[in-house]
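Hello,

Here is the structure I promised to pass on. Please open it alongside this note; my findings follow below.

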Amino acid sequence: MFSEDLLAWHDANARDLPWRDERDPYRIWVSEIMLQQTRAETVKAYYRAFLARFPTVQDLAHAPEDEVLKLWEGLGYYSRARNLQKAARMVAASPAGALPDTVEALEKLPGIGAYTAAAIASMAFGGRALAMDGNLIRVLARLFCEERPVDGGAVRRALRERGMALMSAERPGDFNQAMMGLGNLVCVPGRPDCARCPVRAYCGVAGLPLAAELPNLPPKPDKRLERRAVVLVYWQGRVLARRRAASGLLAGLWEFPNFLDARSPEEVVACLAELGVRASFARRERASRHVFTHLIWQMSGFALAGGPLTRSDESLRYVDADELSRLAMPAAMRAFRELAEEALAPRGEGLS
Ligand code: SF4
């Protein structure tokens with residue numbers, strides 16, 4: 001039987017990950033949110049640190065948002081962390097004080113979509129729900145030799161129905177994990193390793209060239225390129241930091257001020273003046289590039305000598321090395337943060 005062969009392979013080959021065999025709904029939830037868009041190897045250390053600091057949903061609900069974002073620093077897609085905490089507050093305030101156990105109720109919480117709800121319901125509560133992410137869609141499209149584009153609702157529904165028919169009734173959570181493991185280790189994008197596949201006997205494209213061509217995905221849209229000037233403004237042993245708006249890309253995180261399409265020192269000084277910062281150009285710094293899902297930031301660095309802020313703005317302030325180390329900053333700022341840390345170090349080259 002399909003599920004028996006798959007689960008036998010899973011039991012013998014599953015990777016040793018800290019959330020494997022976990023049954024606590026809160027811990028499964030945290031792992032599933034972290035694993036969205038992020039590789040398991042990267043998630044491991046974040047998962048342990050996060051749960052050491054917030055061992056229960058109540059601990060997370062009552063924590064300051066800045067602390068949650070700081071622990072998420074480097075994982076990216078920060079709206080995941082904000083939604084996780086928002087949902088934790090709803091759960092902590094609910095009469096049960098615990099995560100609900102059905103897909104429908106889980107899906108009502110911020111940041112929990114159909115995939116995550118199915119993963120939590122099956123792994124924590126033994127519910128029969130198929131956790132369909134890109135990985136699973138690829139495996140199912142190959143198993144059932146589905147050549148139609150898989151971005152359509154009808155095709156996905158058909159794949160889900162046929163996948164559900166294969167699902168183990170006794171071990172639905174392990175079945176989902178086994179299918180994910182199969183997609184990560186054997187039925188990989190590009191060339192699947194059909195010779196090693198535990199379910200090749202059930203697969204419509206096993207060993208065929210068509211296996212490498214499935215699933216039929218729509219072409220990805222090109223990423224938009226933005227050129228930004230990132231400014232390190234030093235004054236009295238501190239550097240200027242800015243908090244991003246509460247919604248949108250990298251919402252609520254700290255960064256160094258940066259300006260779209262500013263290219264020259266004069267343009268940078270003029271942009272800073274608009275923020276209420278008097279500064280004079282000192283030197284160019286290294287360039288850096290960061291790739292988001294739909295966007296690329298091509299960043300050039302500028303160092304400037306600053307002065308007092310000419311108007312009050314809660315989202316803009318000079319910070320010393322110690323404060324800088326506590327601010328949650330996106331990975332896009334990493335190269336500039338290193339420069340600022342060097343400059344603010346006791347023997348650094350801060351400008352004033
Ligand atoms: Fe994927 Fe090949 Fe296994 Fe089919 S036989 S599920 S294509 S690895």
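Glu73 and Arg337 form a salt bridge through their side chains, with N to O at 3.0 Å. Glu73 sits in the loop between helix H5 (65-72) and helix H6 (79-93), and Arg337 in helix H15 (residues 334-344), so this pair ties together parts 264 residues apart in sequence. Arg337 counts as buried, at 9% relative accessibility. Bear in mind that this is a predicted model.

Arg337 has another contact to look at. Its side chain also meets that of Glu341 in a salt bridge (3.5 Å, N to O). Both residues belong to helix H15. They are 4 residues apart, about one turn of the helix. Glu341 counts as partly exposed, with 37% relative accessibility.

Glu255 pairs with Arg242 in a salt bridge, and their closest N and O atoms are 3.2 Å apart. Glu255 is in strand S3 (residues 254-255) and Arg242 is in strand S2 (residues 238-243), so the pair ties together parts 13 residues apart in sequence. Are these two residues buried or exposed? Glu255 is buried, at 2% relative accessibility. Arg242 is buried too, with a relative accessible area of 17%. Both values count as buried because the cut-off is under 20%.

There is also a network. Salt bridges link Asp11, Arg23, Arg171 and Asp174. Over the whole structure, the search finds 21 salt bridges.

- Leu214 and Pro215 are joined by a cis peptide bond, with omega about 5°. Pro215 is in the loop between helix H12 (210-213) and strand S1 (224-235).
- Asp21 is not a glycine, yet its phi is positive, at about 70°. Asp21 lies in the loop between helix H1 (2-13) and helix H2 (25-35). Asp21 counts as exposed, at 56% relative accessibility.
- Leu250 is not a glycine either, and has a positive phi of about 55°. Leu250 is in the loop between S2 and S3. Leu250 is buried, with a relative accessible area of 10%.

The loop with Leu250 runs between S2 and S3, and these are the strands that hold Arg242 and Glu255.

Best wishes

Notes
Residues numbered from 1 in each chain as written. Predicted model: local features only at pLDDT ≥ 70, side-chain atom pairs only at ≥ 80, totals over all residues. Heavy atoms only, no water. Salt bridge = Lys/Arg side-chain N within 4 Å of Asp/Glu carboxyl O. Helix = DSSP H or I, 4+ residues; strand = E, 2+ residues; numbered from the N terminus. Buried < 20%, exposed > 50% of the residue type's maximum accessible area, 1.4 Å probe, protein only.
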